[in-house]
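Me: Hi! I'm new to looking at protein models. Could you walk me through this one?

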Amino acid sequence: MAFLGKLGEGWKLFTDSFKFLFRKPIFLIPIFFSWILVASIILYLRYYFEAPNDLGLLLLIIFGVIFLITLIICVANIMMLEFMQQIEFGEKISFGKAIKEAVFLDLIKVIPVALIWAIVWFILLIIRVLTSKKKGRSSRPEPSPRDAALTLGGANSGPFSWLKLGLRMFEKLVRMYIFLTLPAIAWENKGPFSAFKRSLEVIKKHPLQFITTYTLTGIASLFMAIPLIIIIYLDKSGVAFSSLFWTVVIIYEGIIWTLGIYLEQMSVGLLYLWHIKWVKSGSKGELSSIPKPDLLDNVYELKET
C-alpha cells in the first residue's frame, strides 16, 4: 500500500501541474520563447552553418551550441520557478522581477548547471553519431516549411533503434535531474554544486514520486506527439501537404515542446516544494504525511524559507 501511495503522490504532482496550467498559462511564455530561440539555432545550423574541416574545431562548435541551448532552457525554467516563488510569497506575478532575478541573481549559478548538462548531452550525441549507420555527405537542404517541420520534429535524425530510444530516455532522466536542481538555486539561493547535492537528496528520499513524474511526463509527451507521428508517416508515404499546413505543424511542435518542458519542470518543482515542506515539518514519516503544497491556496510555503 505504501508503494501505491507513493505512486499516487507522483500522479498528483503530475495532475496538479496540468491543472495549474489552465489557471496560469503565463507560465508557458518563458519556455515558449526559449523554444523559438532553440528552434532558430537548429534551423540556422541546418541551412546556413558551414562546418569547418578541423574536427576539433567542429566538435568545439557543436559543444558550444549545445551549451547555449541548455543555458537558454535553464534560464527560461528559472523564470518559471521565480513565478512560483512570487506566488508562494503572496505576490503578484511580475515578468520584470522574474527576469531581474533570473539574469542578475541566478544566472551565474545556473551556468555551471547548464555546462554539466551540456557535457552529458554532448557525450550522448557522440555515442549516437558513432552508433548510427554511416551515410554519405548529403547536399545542404533548401529552407522550406516542410523540411523545417521534419527537422524540428526529429524526422530527419534517422531511423528508429532501441539504442536511440534508450539514449533518449537517459537524456530525459538527466534533464529532469537538472530541472530538480534549479529550484534550489531559485528558491534557496544555493550554489550550483549544493543544488546538485540537494536535488540528489530529494530523489533519494522520494524515488518513487520522482520516477512516477518521469514516466507520466514521458507518456504525456508521447501522447502529444501522436499527430506528428501520423503526419510524418503520411509524408514518408508520399502524401503532399501545403506550406501553410507545415507552418501549422511547426507551431504545434513549439506548443508540445513547451508543454513537455513545462510539465517536467513543474512536476519536479512541486516535488521539491513538497520536500521543503516535509523537511520543515521534521523530515519524519512519509511525504504524504504532510499536506501537498497548492500554488492556488493562501498558504505561502516559501515565505519563511
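Me: Is the crossing of α3 and α4 left-handed or right-handed?
Reply: The crossing of α3 and α4 is right-handed. Keep in mind that this is a predicted model.

Me: OK, and at what angle do α3 and α4 pack?
Reply: Helix α3, residues 55-88, packs against α4 at an angle of about 140 degrees, and their axes are 5 Å apart.

Me: Which classes of residue does the contact of α3 with α4 have?
Reply: There are 29 nonpolar residues in that contact, along with two polar and four charged ones.

Me: Switching to rings: how many aromatic pairs are there?
Reply: The structure holds 16 aromatic pairs. One of them is Phe20 with Phe27: the ring centres are 4.9 Å apart and the planes are at 80 degrees, so this pair is edge-to-face.

Me: Are Phe20 and Phe27 buried or exposed?
Reply: Both Phe20 and Phe27 are buried. They also belong to a cluster, where ring pairs link them with Phe83 and Phe95.

Me: What about Trp117 and Phe179, how are their rings arranged?
Reply: Trp117 and Phe179 form an edge-to-face pair, 5.8 Å centre to centre with 85 degrees between the planes. The pair links distant parts of the chain, since Trp117 is in helix α4 and Phe179 is in helix α6, 62 residues apart. Trp117 and Phe179 are both buried.

Me: Last one: which residue lies over the face of Tyr214?
Reply: That's Lys172, at 5.4 Å from the ring centre of Tyr214.

Definitions and conventions:
Residues are numbered from 1 along each chain as its sequence is written. This is a predicted model: local features need pLDDT of at least 70, side-chain atom pairs count only at pLDDT 80 or more; totals for chains, interfaces and linings use all residues. Side-chain values use heavy atoms; hydrogens and water are left out. Rings of Phe, Tyr and Trp (its six-membered ring) pair if their centres lie within 6.5 Å; planes under 30 degrees apart count as stacked, over 60 as edge-to-face and the rest as tilted. Buried means under 20% relative accessible area, exposed over 50%, partly exposed in between (1.4 Å probe, protein chains only). Helices (H or I, at least four residues) and strands (E, at least two) are DSSP runs, numbered from the N terminus. A charge sits over a ring if NZ of Lys or CZ of Arg is within 6 Å of the ring centre and within 35 degrees of the ring normal. Axes are lines fitted to C-alpha atoms, for helices over the stretch in contact, and angles run from 0 to 180 degrees between N-to-C directions. A crossing is left-handed if the near helix is turned anticlockwise from the far one by less than a right angle, and right-handed if clockwise. Ala, Val, Leu, Ile, Met, Phe, Trp, Tyr, Cys and Pro count as nonpolar, Asp, Glu, Lys and Arg as charged, and the others, Gly among them, as polar.
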